[in-house]
Amino acid sequence: MQTRNPLKLNGGNMRIPYAPAEPANPTPENEAIYERIRERRKPRPLIPLDLALLHNPEVADGYNKLVGAIRSKVSVSQALAELAICYIAVLNGATYEWTAHAPLALKAGASRAALQAVLKGDVTNGSVLSEAERLVLAFTEQSTRNIKIDDQLFEKVKAKFNDQEIMELMITVSGYNMVSRFLVGLDVTESNGKEMVMPPE
């Protein structure tokens, strides 16, 4: 019989139940997967996204490795990456993603004015956004909305970033579009339709 996690947030329910916080099938392999994910989350416990993914521990493990590398093994500016992730959240209506990453953008060095511009969709505002920020946000918008990035924009990006940084930006944008679609599709944390707000000062 399947063990269900009673986690409820905001008084509602995700579209499917959350997986158990401990392996329902406690094989050594599954125990090791749970431990790897806990290690990445320290000092926090497993988060709702983890508990949504852990219906299939091997998928959760692969996700953890990919996103862990995107977050911690890249050379591109973390502030730029976090602004891109926040803009994906805005474009896709992923409130949980915004709530998680807006504080991280500020911690990484993005200005409050830049983050506010992202929240408002004012991503061509040269008075608060640098050239690099505007390019990354245009890159993010085209990839998110159209999948394809037009040649004119791509040439501008190539003039500003090296090949490795462009690859890292592309996998960040692609990866976090996956995340936002997963979050919104299953309504993880029951955040769909809730207002996105700036982090407190």
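**The largest cavity**

Guide: The largest cavity has a volume of about 40 Å³. The model is a predicted one, in which local features need pLDDT of at least 70 and side-chain atom pairs count only at pLDDT 80 or more, while totals for chains, interfaces and linings use all residues. Residues are numbered from 1 along each chain as its sequence is written, and side-chain values use heavy atoms, with hydrogens and water left out.

A cavity here is a set of points, on a 1 Å grid over the protein atoms alone, where a 1.4 Å probe fits but cannot get out; lining residues have an atom within 4 Å of a point. Grid points are joined across faces, edges and corners, and the volume is the space filled by probe spheres set on the points. Searching the whole structure gives one cavity of 30 Å³ or more.

The lining consists of A94, T95, Y96, E97, L183, V184, D187, V188, S191 and N192. By class, five of these residues are nonpolar, three polar and two charged. Nonpolar means Ala, Val, Leu, Ile, Met, Phe, Trp, Tyr, Cys and Pro, charged means Asp, Glu, Lys and Arg, and the others, Gly among them, are polar.

Helices α5 (95–108) and α9 each supply at least two lining residues, and α5 gives the most, with three. Helices are DSSP runs (H or I, at least four residues), numbered from the N terminus. Helix α9 covers residues 163–186, and D187, which follows α9, has a positive phi near 55°. D187 is also one of the lining residues.

Methods. The expected span of a helix is 1.5 Å times one less than its number of residues. On a 1 Å grid over the protein atoms alone, a cavity is a set of points where a 1.4 Å probe fits but cannot get out, and a pocket is an open set with protein on both sides within 12 Å along at least five of seven lines; lining residues have an atom within 4 Å of a point.
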